[in-house]
Amino acid sequence: SHELRTPLTVIFGRATFMRNSEKLPHAKRLLSAIEAEGTTPEELANAVTNYQRFVSDQGAGIADSAQHMIRLVEDLLDWTKVARGKLDLDMERLQLDELSSSVVQDLKPNAEAKGLSLTYSGDWTAEAMADKVRLKQILYNLINNAVKFTDKGSIHLSMEKENGFVVFNVTDTGHGISEENLERVFQRFQQVDGSMTRQSGGLGLGLAISEQLAALHGGTLSLTSTLGKGSTFSLRLPSAEADVSLEKVA
């Protein structure tokens, strides 16, 4: 409830500012500059620029909070579909190296904004039968989670073939998780550290959804972690070669 209300409060507050902008100091200063005698073109230009900046800031705040709300609602809808068994996968044979590299490139600005390095290494020959959108969703969740709970250092995505599976590892140098809390990580509406949850936001559904999506692919999602040193999330999916072998046996 708290997480859903927070972005709505921001949206309502900033929209109210814009709705009543004529009462705000920025608008009054602009109006004064327009109406005053002897106002120089430079002074008028500065007044216009300051007002435009104010409107842009309010609009950006509304857009950011709306995007945050959309993510929360999408998580809720995804979890509802998964819980009811209504989520269908669009399976296709995927070349995983290109997909993994594109995910890292998409999220690199998020990591760099916190002063973190985000890197990738993988096996260019690895392939799997998977839903491209949902597989990207899992990787986005894992990397964004690493960025959220890492204050300094690095995050690395690796991908390799291993005994009929393709294994993705997302390793960070973040806060880490104690052994007694490892089981809570994949529970819905759960985040291990309440104070960090408030700081970072979210419903605590991302990892729960990712684990269920991995299972729908015939794979698994697991975690190893050391408190104070970092964590590694491992996604294991059957390789395309393994799927072909099983079909031949059947």
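Leaving aside neighbours within four places in sequence, which residues is Ile143 in contact with? I looked it up, keeping in mind that this is a predicted model. Ile143 touches Val103, Val104, Leu107, Leu118, Leu157 and Val170.

**Entry: the core.** I then turned to the largest nonpolar core, which has 42 residues. Ile143 is listed among those with the most contacts inside this core, together with Leu96, Leu135, Phe168 and Leu235. Helix α5 gives the most to the core, with seven residues.

**Entry: α5 against α7.** Next I checked how α5, residues 132–148, sits against α7, residues 206–216. Their axes come within 9 Å and cross at roughly 145°. I noted the crossing of α5 past α7 as left-handed.

For the contact itself, I wrote down the two sides. From α5 come Arg134, Gln137, Ile138, Asn141, Leu142 and Asn145. They meet Gly206, Leu207, Ile209, Ser210, Leu213 and Ala214 of α7. Sorted by class, this contact has six nonpolar residues, five polar ones and one charged one.

**Entry: the buried side of α7.** Which residues of α7 are buried? I found Gly206, Leu207, Ala208, Ile209, Ser210, Leu213 and Ala214. Their cover includes α5, and also α3 (41–83) and the strands β6 (220–226) and β7 (230–238).

**Entry: after α7.** Last, I looked at what comes after the helix. Gly218 follows α7, and its phi is positive, near 80°.

Definitions and conventions: Residues numbered from 1 in each chain as written. Predicted model: local features only at pLDDT ≥ 70, side-chain atom pairs only at ≥ 80, totals over all residues. Heavy atoms only, no water. Axes fitted to C-alpha atoms, helices over the stretch in contact; angles between N-to-C directions. Helix = DSSP H or I, 4+ residues; strand = E, 2+ residues; numbered from the N terminus. Left-handed = near helix turned anticlockwise from the far one by under 90°. Contact = heavy atoms within 4.5 Å. Nonpolar A, V, L, I, M, F, W, Y, C, P; charged D, E, K, R; others polar. Buried < 20%, exposed > 50% of the residue type's maximum accessible area, 1.4 Å probe, protein only. Core = buried A, V, L, I, M, F, W, Y, C linked by side-chain atoms within 4.5 Å.
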